[in-house]
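Open the model in your viewer and keep the selection panel at hand.

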Amino acid sequence: MRTRRKNGQQAVAYHQRLEKTDLIEIYRRLWFARLFDEALYDAKKKGRLRRGNVYSSRGQEAIMVGTTYPLRPDDFVSPIHRDMPVFVFRGMPLEQVMCQIWGKAEAPTRGKDSWSHMGDMDLGIVHSTSMLGSTIAVACGVLWAQRLDGRRDRVLVAYTGEGATATGPFHEGLNFAAVHKLPLIVVVENNQYAYSTPVELEVPTKTVAERALGYGIPGYSIDGNDFNAVYDTMCEALAHARAGNGPVLIECVTYRLQGHADHDETRARRYRPVEEIEMWEKRDPLPRYRQYLLRTGLFTEADLPEPPLDIKEQIERAIAYAISSPDPEPHTALEDIYDERAGVSL
Amino acid sequence: MREVTFLEAIRLALWEEMERDPNVFLIGEDIGRMGGAFGVTEGFLERFGPDRVIDAPISETAIIATCVGAAAAGKRGVAEMQFIDFISYGFDQVVNVAGTYLYRSGGKTPIPIVVRGPSGGYVGGSLYHSQQFEAWFFHTPGLKVVQPAFPDDAYGLMKASIRDNNPVIFYEHKYLYRRIKGPIPEAHEDYIVKLGSARIRRYGDDITVIAYGAMVHFALEAAQHLEKEGISLEVIDLRTIKPLDMKTILESVRKTSKVLIVYEAPKTGGVGAEIAARIAERAFEWLDAPIMRVAAKDSFVPFAEPLEKFVLPSVEEIVFAARELAAY
């Protein structure tokens, strides 16, 4: 994979500054993302999850962990459907995430919406919708509010797919952010397919990162399956954005190892060549990071179990919690349409 | 009391809310340096600075989205659509993003935004500077829709809309901007018109005329005319289209037993259709005649004067319809 950097320079190797405890935590997070995915696919297959789709992030773990790890607690994120673990990394209790997936009363949306369409402004998690590009424009407003409050160094990381870069709000949002130098970092998870449509039918340029040229902002096209590449680029982008230099576009080149969602597994094997899937299986970010950790000499094989202990149990406990937690009352479907704390009722 | 134009009433409401609450900001095309295409925001940039009076690129999506995101983070943005027709560019932000936000945040994140702009015909604006597509938003849960007819209401409703915790689409009929003058309260009176409250602008006994925006003035003119013929119209100015003040409507209908609904938008599927349905559901036994509607023809608003006149409703049409109802 080619790594294209601004002005042809290599980024600082920020990852080399991480402590041993960080490395273990990163390793656990990568595995958490993988096991989260597997647990939900399993729950859907076995009928424990009866409603809604499961959108796999298998193979995209390095992006989620690498883009969130260097963030400050007061930064913002707007995760999309293949970023479920990001909610947890940014402080949302795992039980709440599972309640959201199971459509329970305790979920952040109280069962109103599903999967990733949730947020929590107290945690700096901005709510996204199914129209992935639209949140990039909304991000401008969140950042404008920070400007009004004199907090110009809070960064917002907006995730999106390569397909959504073809939508209007992607352009309007980035254009606005660039004109006003808002600290917006757009992370494009280029997993090669928007549902079934390959990237070359979504994007006319060789890389998605080239779109940045139109906004006069830095654009990176990096190996999204290499944690260190993602982490280093993110650190560089954060420094740029925090210093008031405006937005950054990071294209993380990766691959969607599964179908668009769990219902799509059979067809996804037809609209994509098997050799392509097999090739990307070999680029799995998890063993790659493990190899890196071993090469540092700081760890032995035994230090890095595959998977690390306790994570599966933690996820299973949260699923069990969600399953046994109460469903929303039917009448609550008509709540939260209007906020009458400062208005009149219908 | 201050005697001001319809436009000045809106300008003063925005100005006073900006003075009152530092969380309020304005965003739109040409609203800063130029003061807006119609001059509604003249002098704002100088007083409040570029962080609160944002000259945005031509990006209705980004303009509305900036208000939405800022609202999620505790601010109150007012977006100007240079012409309300252009809201179609930002439709997804209004309907799918702003409208649903509170719902999908489990009631935690209200979106107090106002999307305002000049609407309506009768000025030769043609297809994209004349529309009244309030029915789009009337049909959408989570939104409120406002259209005043008089300066005092424009003033009080704009203040209420900015303070309301929900997305409000605020229609300002451009035909009224400089034609209509009237008294508004002084700033210190903190005058507010509650959203969702209609106002009877003329009391009468024979026919209830329900209207909003410029159509209120047409209805009042028709009422004056018909008075000489002994037909007495009661004219209700809805002021807020959503939520609808059904209480005021039904009380009047039960008194007059005849209903004429007047709206400037295409007749089919318009706000008047819903009002007619609700009256039929809830006051059928009080009715002495079919519910009638005067609205625009199911067309676009054309440019040439004879064409525009043919499509849009007129005082004459209201007079004819009222006579028909009176004779029924």
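Select α2(A) and α7(A): α2(A) passes α7(A) in a right-handed crossing, that is, the near helix is turned clockwise from the far one by less than a right angle. This is a predicted model, in which local features need pLDDT of at least 70 and side-chain atom pairs count only at pLDDT 80 or more, while totals for chains, interfaces and linings use all residues. Residues are numbered from 1 along each chain as its sequence is written, with chains lettered from A and ligands numbered from 1 in the order in which they are written.

The two helices, residues 61-68 and 227-242 of chain A, pack at about 30 degrees with axes 8 Å apart. Axes are lines fitted to C-alpha atoms over the stretch in contact, and angles run from 0 to 180 degrees between N-to-C directions. Helices are DSSP runs (H or I, at least four residues), as are strands (E, at least two), numbered from the N terminus.

Next, show A62(A), I63(A), V65(A), G66(A) and T67(A), which meet F227(A), V230(A), Y231(A) and M234(A). Contact means C-beta atoms, placed from the backbone, within 7 Å.

Move to α7(B), residues 214-227, which reaches 20 Å from its first C-alpha to its last. Of its 14 residues, 10 are buried, so the helix is largely enclosed by the rest of the structure; buried means 20 or more other C-beta atoms within 10 Å of a residue's own. Among them are H217(B) and F218(B). The cover includes β7 and α11 of chain B.

Finally, select the interface: 40 residues of chain B are in contact with 40 residues of chain A. α3(B) gives the largest share of chain B's side, nine residues.

Key. Two residues are in contact if their C-beta atoms, placed from the backbone, lie within 7 Å. The expected span of a helix is 1.5 Å times one less than its number of residues. A residue is buried if 20 or more other C-beta atoms lie within 10 Å of its own, exposed if 12 or fewer, and partly exposed in between; C-beta atoms are placed from the backbone.
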